[in-house]
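Open the model in your viewer and keep the selection panel ready. Each stop below says what to select and what is there.

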Amino acid sequence: MKESLAKFLQYKWSQVILFTVFVAVSSAALFFSQKSVTAFLLLLSSLLVLHYMKLKNVTKWIIALGLLFILIPLASSGGPAFQSYMDVATMVGIYVSMALGLNIVVGMAGLLDLGFVAFFAVGAYSYSIFATPQAANFMPFGTYPLGGESFWIFLIIGGVVAAIAGVLIGIPVLRVKGDYLAIVTLGFGEIIRILFNNADKPVNITGGAMGIASVTPPEIFGIPLIFPNQFYFVTLVILIFTIFTVLRLERSKLGRSWKAVRENEIAAQAMGIPLVKTKLLAFALGASFSGMMGVVFAAKQAFIDPTSFTLLESFTILVMVVLGGMGSVPGVILGAAVITILNLQVLTELATWVNQLSFSGIISIPEALSPAKMQKFIFGALLVAFALYRPKGLIPAKNKIFDEKRLKETQAHSDMNATDQKKMQS
Amino acid sequence: MLLEMLQSLPQVLIDGLALGAVYAVVALGYTMVYGILQLINFAHGEIFMTGAFIGTAFFILLMGMGWVSSVPQIVVLIVVLVVTACLTGLLGMGIERVAYRPLRNAPRLIPLITAIGISFILQDVIRFIAELSSGNYIVTGPSLFTNQLTINFSSISSIFNDASFKTSFLIVLVTAVILMISLDYFINRTKWGTAMRAVALDRETASLMSINVNKTISITFFIGSALGGATGVLFAVQYGTIDPFIGFILGMKAFIAAVLGGIGNIRGAMLGGILLGLLEMFASANLSLLTGGVFGAEYKDVFAFSILILVLIFKPEGLLGKPTAEKV
């Protein structure tokens, strides 16, 4: 019985049918009973199911895009909770993109960066300074705030500025080895936060601890983007760009040299990989994704202050990468989604539930043990448990396997061609 | 400007010494563990914080008993110090057993990650124990040794201001010095100290020389954590108010001190700690004066981290360490 079931599940069309039923049921449930968080999570988890299905990559991508662009916004649009679902989905997108950026640094190049949120902050501040009257305090020319169309340019500027910050931090930092790197990056993360926190005097650049409020909303074709469902699509486009880039990078020459540096620096250097350049590129590219998402975050929140960029944020992103599997792109996406949803939905839901229970007098749980406050404990336990028992994460990284025979054949073929050409020339 | 700096110098020296003594003893824990395992024990700052909380809890408990008030305060302090040191030492050993020993042969990134995890768990556990028992996680201990003393520096030379301090400053300084001297004796003169140095030098060879490596590492953790916990008590006595998040940044600073003195080097950590404490106090007193008000005292953390970066770039072996060539 069990065997035949397993066989049935291995069959492609049965998978497709079951998947369709699953998606249909969960989206219908979401559409008709709006308050059901479970249905929303089930619909999101269909993407994970899709990852394991026996289909061609292209088909999977098309189905995933269809789900993300059409079905999820449509299914959750049936009632008043629409915007809050879209808000969560947007945050998931932002964190997934950041985790993918950190994955380049930690997972692929093996450099433990504990101050990653600094780049997010750089991106967020670069947009919000210029999209508010704040910039008029120190810029000698131009009128501020800039219009909402500038958001699209700032997506690139934010990425570039963050990349430059990455290189600037990287140059002194990368001379130090391994564990020192963790401390130094952590220090830099704090330094950047302290700078933003105190850069309101002598010239008011960042608004100091007060932060920057009422950031101009982005505009496209004259329509200002204000609602989370609009940001959902913006985030989604950037996220897909990020995933595509990261996947391409992983298989490129640069990606292979990152992995070589991670495994053994000295051996990699002996093989002719320029160490400093490779590491700096990892820092800069990882930072740029984070910076881009910082711009989106600033535009979405319309208010930023230094408390959004604390050490805990850096560690949260690290937990996402470790949980998902260092170096594995699908793993990191899963890890980031799980942690963000845990943070934003599950813990808050649990906290209100516990509150209701103790309010109605069924059980009394002291305020100190409220699930919303347990974040650090959960993260710590996850880090320890995964490092001890599953160091490769939820979805371990896979290296592309080359077929040795075919490689040799093509090699021989091209060699023959080369010798033929030489003969022709002589 | 110079005159103003000189005027405040005596007070800066005294505050700096108190802070530096705390840094120095905590730095010892980092440097010992790094010397023996090449691992940055991120949880060490949290052990320091746990020590501060255990110590404060004991103080509150003891002060609640009537007969204790007839005992001299110094005796109470010694009892609390010893008990706290033992408890945090055991905690450190436990952490090593659970989180680091199984990973001794794993890639070096992995134990660092468990160290961060452990430090998060400790922070949160202490937070909710404190919050459960007193309703607030910021705890103020009983005030001890609060006699104000003043040294008349102005009578020596008129360019100095007078400096004042509490008796607790002397207690912190003397205890820290005693701890450091006894540790130095332990490392250099006793059998276990020799074993620790041997394991730090070469683990395999040491085990061939019939040294029990696991036990030696456990003892290293015990001593490092006991020192950290004891310093936590001193910190609580000196500064009064503690919260579960003091350990992280202070731990970082102590680590910077260890790097400044040369990581793995016991005397270097002591020197680095005192030096960093003095520099930091000097910076927080004079930064705004030196830069004409552009950078204020809130940049003192930035200052400490820039010291770390400068040391790592220009003298990565630290002040007292010896440069090592990497073997392939």
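Select domain 1 and domain 2 of chain A: their centres, taken over C-alpha atoms, are 32 Å apart. The assignment puts domain 1 at 1–80 and domain 2 at 89–323; such bounds come from an automatic or database domain assignment. Four residues from each of these two domains make the contact (C-beta atoms, placed from the backbone, within 7 Å). On the domain 1 side, four are nonpolar, none polar and none charged. Here Ala, Val, Leu, Ile, Met, Phe, Trp, Tyr, Cys and Pro count as nonpolar, Asp, Glu, Lys and Arg as charged, and the others, Gly among them, as polar.

This is a predicted model: local features need pLDDT of at least 70, side-chain atom pairs count only at pLDDT 80 or more, and totals for chains, interfaces and linings use all residues. Residues are numbered from 1 along each chain as its sequence is written, while chains are lettered from A and ligands numbered from 1 in the order in which they are written.

Colour chain A by pLDDT, the predictor's confidence in each residue, from 0 to 100. The chain averages 80, and 91% of its residues score at least 70.

Next, select Ala99(A) and Ala24(B). Within the largest nonpolar core, of 219 residues, these have the most contacts. Such a core joins buried Ala, Val, Leu, Ile, Met, Phe, Trp, Tyr and Cys residues through C-beta atoms within 7 Å; buried means 20 or more other C-beta atoms within 10 Å of the residue's own, with C-beta atoms placed from the backbone. Both domains of chain A give residues to this core, so it lies between them.

Finish on Ala24(B). Among its contacts, not counting residues up to four places away in sequence, are Ala176(B), Met180(B) and Ile274(B).

Note on methods: Buried ≥ 20, exposed ≤ 12 C-beta atoms within 10 Å, placed from the backbone.
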